[in-house]
Amino acid sequence: MSFNLNALLRDNIKKLVPYSSARDEFKGEASVWLDANENAFGSPLSHDYNRYPDPLQHQLKHKLASIKGVPAENMFLGNGSDEAIDILYRAFCTPQVDNVILVPPTYGMYEVSANINDVAVKKVNLTANYQLDLDGIAEAIDPFTKLIFICSPNNPTGNSIHAQDIETILVNFPGIVVLDEAYINYSKHKSFTKALAEFPNLVILQTLSKAWGLAALRLGLAFASTEIIEVFNKIKPPYNINQATQDLVLEALDGVDIINEWIKATVAEREVLVAELAMLEQVEHITPSDANFVLVKLANPKGLYDYLAGQGVVVRDRSKVTLCEGCLRITVGTKTENKHLIKSIKTFYSNL
Ligand SMILES: *Cc1c(COP(=O)(O)O)cnc(C)c1O
């Protein structure tokens, strides 16, 4: 298969002349900045935010590059992964013409973003053990299929998708394969970042919202070829990552050691939680998880959900989702939170 990025891009994006900001047009050193209509006095805060931020976040990307082992030029930063997902649709999918393939049960945002962009969705369900249906995907692909979204470890099931199957799609599909690795830090399997050079049609999504504990700052990452990253940069709003986020994330990235400790603690707690749940006769199945949550099939999921909510413990009811019938998705909390959860579940079932 030969990959042709130009054949995939929407015509309007191929022709697009991106916005040229004041910070794009002058990059040298200066002491008087009168080019961007900013307020020269400062901000009514202890820290000034009166100047527009670096549109391409060079300092932040440089630091992320050393942590992630991906060159800065192969990196796009978005206002959450949501922004990267939306840009993929706007770059590649002509509304009412092109389509994408989703493999449910999976992350809901891929479909919402398709709907917002008026792009058709073809669904090829995962198999009973939550792996890719390669034959079904091959059948669903048509000349207008531009994107295939794969989430691994998958949300809401928690399992990893076989790397061999992902490679099969990368090799055979002439469109873009979007691999969402939001939970990769919790996985025993390795990231696909090292395979970027091998697959020109691979876009990897990661986020600082999960293992890095920075969900409120909204920082999503996309890794891809420099050609695809250039397309992302053309489409994104000029100053999509605000200065406060850039500053705070730069500081947070010094905390690799504590993040690694929290990952280990979360994985250890996940196994405790799984062991506790497995002992309950009302628990029918627990999907082996590579993430910071577990999908549990159990008796009376809605009743349990409501009871837990009444106890102030909120989990995710997935019991009506295709292939997740009867399941709750439970995020791994602190040791104390997990104990509280297990105690409440036991109380609920003992009172039935
Ligand atoms: C949580 C999550 C994300 C992260 O989204 P952000 O917009 O970066 O917070 C991305 N993908 C999946 C599958 C997720 O579960």
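Student: Over how many bridges do E8 and strand E9 (residues 293–298) pair?

Tutor: This is a predicted model, in which local features need pLDDT of at least 70, side-chain atom pairs count only at pLDDT 80 or more, and totals for chains, interfaces and linings use all residues. Residues are numbered from 1 along each chain as its sequence is written. Strands (E, at least two residues) and helices (H or I, at least four) are DSSP runs numbered from the N terminus, and two strands pair if DSSP finds at least two bridges between them. E8 and E9 pair in the antiparallel sense, and the number of bridges is three.

Student: Which are the edge strands of the open sheet?

Tutor: The sheet has four strands in the order E8-E9-E11-E10, with antiparallel pairing. An edge strand pairs on one side only, which here applies to E8 (283–286) and E10 (316–317).

Student: Helix H12 (residues 301–310) makes what angle with E11?

Tutor: H12 packs on the sheet and touches E9, E10 and strand E11 (327–331); contact requires C-beta atoms, placed from the backbone, within 7 Å. Angles run from 0 to 180 degrees between N-to-C directions, with axes fitted to C-alpha atoms, for helices over the stretch in contact. For H12 and E11 the value is about 35 degrees.

Student: Which residues of H10 make the contact with H4?

Tutor: The axes of H4 (residues 58–68) and H10 (residues 243–252) come within 10 Å and cross at roughly 25 degrees. That angle makes H4 roughly parallel to H10 (under 35 degrees). H4 contributes Gln59, Leu60 and Lys63, and H10 contributes Gln246, Val249 and Leu250.

Note on methods: Parallel < 35°, antiparallel > 145°, perpendicular 65-115°, else oblique. Contact = placed C-beta atoms within 7 Å.
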